[in-house]
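Open the model in a viewer and keep the selection panel at hand. The tour goes from one selection to the next.

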Amino acid sequence: MKKSIKESHTLYAVKGYLPKRQESIQIGKLGHFAFEKGYYVYVGSAKRNISSRVNRHIAVEKKQRWHLDYLRPFLKIEEVQTYSGKDGECQLFAGLRERNNGSIPAKGFGSSDCKCVSHLFYTEKNPMLTFH
């Protein structure tokens, strides 16, 4: 797994690969969703202790708290990248999704505290996590 983490950063992206289609995964209170085989990128923020947040997302055995926790057991985490935060979480998500031509697999995923449709995107091709 490729990890690029700077403690001064406040935003992060976690890229995972889903090796086979999942017909139905319960994502907390959001409901059940089907997830296609391919790549998923989740964008989040941590005001402090970004390493702790990222390491928690990478772990499989944990109490399910965030939407990503429900999808995590099915994913092979391939890369984690942090960002300064100057653009904001929503702008980072939109930029990465656009750059990688990503689609939204689950409305509301990771975006319950903003107006975004989701903070998780899907792509068949291996996505790039560089921004700007």
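Predicted model: local features only at pLDDT ≥ 70, side-chain atom pairs only at ≥ 80, totals over all residues.

**Cores**

Start by selecting Ile 27, Phe 35, Leu 71 and Phe 109, the residues with the most contacts inside the largest nonpolar core, which has 23 residues. Next, colour the elements that give two or more residues to this core: strand 2 (11-18), strand 3 (22-27), strand 4 (31-35), strand 5 (38-45), helix 1 (50-58), helix 2 (67-71), strand 6 (76-83) and strand 7 (120-123). Now show Val 41, Tyr 83, Leu 92 and Leu 96, which are included in a second, separate core of 10 residues. In general, nonpolar side chains of soluble globular proteins tend to be buried together.

Go back to Leu 71 and display its surroundings. Apart from neighbours within four places in sequence, Leu 71 is in contact with Ile 25, Ile 27, Phe 35, Phe 109 and Leu 120.

Then pick Gln 22, which sits in strand 3. Is Gln 22 buried or exposed? Its relative accessibility is 15%, so Gln 22 counts as buried, the limit being under 20%. With neighbours within four places in sequence left aside, the contacts of Gln 22 are Phe 33, Ala 34, Phe 35 and Phe 74.

**Helix 1**

Select Ile 50, Val 54, His 57 and Ile 58, the buried residues of helix 1. Looking down the axis of helix 1, you will find these buried residues within an arc of 100°, so they line one face of the helix. An α-helix has 3.6 residues a turn, so residues three or four places apart point the same way.

**Helix 3**

Move on to helix 3, residues 89-99. Which residues are buried in helix 3? They are Glu 89, Leu 92, Phe 93, Gly 95 and Leu 96. These residues cover an arc of only 165° around the axis, which puts them on the same side of helix 3. The cover over the buried residues of helix 3 includes strand 2, strand 5, strand 6 and strand 7.

Glu 98 is also in helix 3, but with a relative accessibility of 67% it counts as exposed. Draw a distance from Glu 98 to Lys 63: the two are 35 residues apart in sequence and 32 Å apart in space, C-alpha to C-alpha. After helix 3 comes Asn 101, whose phi is positive, near 55°.

The largest pocket has a volume of about 250 Å³. Of its 16 lining residues, select Tyr 42, Trp 66, Glu 89, Gly 110 and Asp 113, the closest to the centre. Strand 5 and helix 2 each give two or more residues to the lining of the largest pocket, and strand 5 has the largest share, with three residues. Coloured by class, this lining shows five nonpolar, six polar and five charged residues.

**Cavity**

Finish with the one cavity of 30 Å³ or more. The space in the largest cavity is about 30 Å³. For its lining, select Val 14, Lys 15, Gly 16, Tyr 40, Val 41, Tyr 42, Leu 68, Leu 75, Ile 77 and Leu 120. Strand 2 and strand 5 are the elements that give two or more residues to the lining of this cavity. By class, the cavity lining has eight nonpolar, one polar and one charged residues.

Terms used: Residues numbered from 1 in each chain as written. Heavy atoms only, no water. Core = buried A, V, L, I, M, F, W, Y, C linked by side-chain atoms within 4.5 Å. Buried < 20%, exposed > 50% of the residue type's maximum accessible area, 1.4 Å probe, protein only. Helix = DSSP H or I, 4+ residues; strand = E, 2+ residues; numbered from the N terminus. Contact = heavy atoms within 4.5 Å. 1 Å grid on protein atoms, 1.4 Å probe; cavity = no way out; pocket = protein on both sides within 12 Å on 5 of 7 lines; lining within 4 Å. Points joined across faces, edges and corners; volume = space filled by probe spheres on them. Nonpolar A, V, L, I, M, F, W, Y, C, P; charged D, E, K, R; others polar. Arc of directions from axis to C-beta.
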